[in-house]
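Colleague: Could you take me closely through the main pocket of this model, with what lines it and how the element that contributes to it is packed?

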Amino acid sequence: MHRSPRAARRRRDDSAECEIDGIRVTSARRIVDADSGTHKLELVRYYERAARWILPHLHERPVSLVRAPRGLAGEMFFQRHKGRAPLPEVTEHEGLDPGHPPLVTIDTARALVSAAQMDVIELHTWNARITDIERPDRVVVDLDPDSALGWDRMIEAALRTRALLAELGLESFCKTSGGKGLHIVVPLTPEAGWDDVKAFARAAAQHLAAVWPTQLTATMGPEHRRKKIFVDYLRNARGASTALAYGVRARPGLGVSVPIGWDELERTTGGAQWTLATMNARFADIEHADPWAGYGHVRQRVTAEMTLGLETGGK
């Protein structure tokens, strides 16, 4: 069959190879996202550059991966454990998830680049570290809006969530989801187990929904969230995970989940305000002032008394 010179050239471009951090990047010119025109090589280079900010959020955490071997236009799959095909450079951990293949962590910049070379676009991390897998070291509240709502409603919901947590004596941090919403993250000293931490998150979500029933819901399902924001506490179960800070989302436009300061919240415009294409300016900003600089110094815990107070309507 005759093929035009242009088609042959396109095939050569799509299969072009290069090397980043000692990792051979194949199909470097393949289009990952048609909306933005982003090539695979641009995605790999992003993760190389972002590694210094990303690695602290990956440190010792089991990671789940969204892989897209043919880009966003093709089939994507979610991988929670070691797969049949090896992932070079990642670290495997046997026995942490009984009955399943090993969990994996990404511990180095080279491993992060290698994952992107293996068509990983999106990364999600557990709420616990492999060194203390049965005791979470954070709570995550995912504010997920009905698409009909204006962004001002999201800002208000985030501030209300922060205020409730503050009344309980808990410091919280905010990041865009890279998609539609916001993530409120509460660092913890790992003491309580999964069930207790999830019970606290559920009680906080249900309390918020009870106080502002016309705006918030803690009940899953599209019929419950019409013109409302779903306060999703389900990311606090064992084995659940949340989109990685500074990680790219596998959605058209390639939004990035970006930590922000509470003083920046009212100036935000959406959950995907920053994209892979616009992150250079954000990295320049955080070079001077990291909005989450204090995260690692927070020492706090959730208690059964907090959970009971929320469940009974007190604080």
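Modeller: In this predicted model, the largest pocket has a volume of about 360 Å³. Its lining is made up of 21 residues, and those that lie nearest the centre of the pocket are Trp53, Pro56, His57, Trp292 and Tyr295. Two or more lining residues come from each of α2 (40–58), β10 (138–145) and β15 (242–243), and α2 gives the most, with 4 residues. Sorted by class, the lining of the largest pocket holds 11 nonpolar, 4 polar and 6 charged residues.

Helix α2 also packs against another helix, α6 (residues 279–288): their axes come within 12 Å and cross at roughly 20 degrees. Because angles under 35 degrees count as roughly parallel, α2 is roughly parallel to α6, and the crossing of the two helices is left-handed. On the α2 side the contact is made by Tyr46, Arg49, Ala50, Arg52 and Trp53, while α6 brings Met279, Asn280, Phe283, Ile286 and Glu287. By class, this contact of α2 with α6 has 6 nonpolar, 1 polar and 3 charged residues.

The structure holds 3 cavities of 30 Å³ or more, and about 50 Å³ of space lies in the largest cavity. The largest cavity is lined by Arg30, Val32, Lys40, Leu43, Ala68, Gly71, Ala116, Asp119 and Ile121, a set with 5 nonpolar, 1 polar and 3 charged residues.

Conventions:
Residues are numbered from 1 along each chain as its sequence is written. This is a predicted model: local features need pLDDT of at least 70, side-chain atom pairs count only at pLDDT 80 or more; totals for chains, interfaces and linings use all residues. Side-chain values use heavy atoms; hydrogens and water are left out. On a 1 Å grid over the protein atoms alone, a cavity is a set of points where a 1.4 Å probe fits but cannot get out, and a pocket is an open set with protein on both sides within 12 Å along at least five of seven lines; lining residues have an atom within 4 Å of a point. Grid points are joined across faces, edges and corners, and a volume is the space filled by probe spheres set on the points. Ala, Val, Leu, Ile, Met, Phe, Trp, Tyr, Cys and Pro count as nonpolar, Asp, Glu, Lys and Arg as charged, and the others, Gly among them, as polar. Axes are lines fitted to C-alpha atoms, for helices over the stretch in contact, and angles run from 0 to 180 degrees between N-to-C directions. Angles under 35 degrees count as roughly parallel, over 145 as roughly antiparallel, 65 to 115 as roughly perpendicular and the rest as oblique. A crossing is left-handed if the near helix is turned anticlockwise from the far one by less than a right angle, and right-handed if clockwise. Contact means heavy atoms within 4.5 Å.
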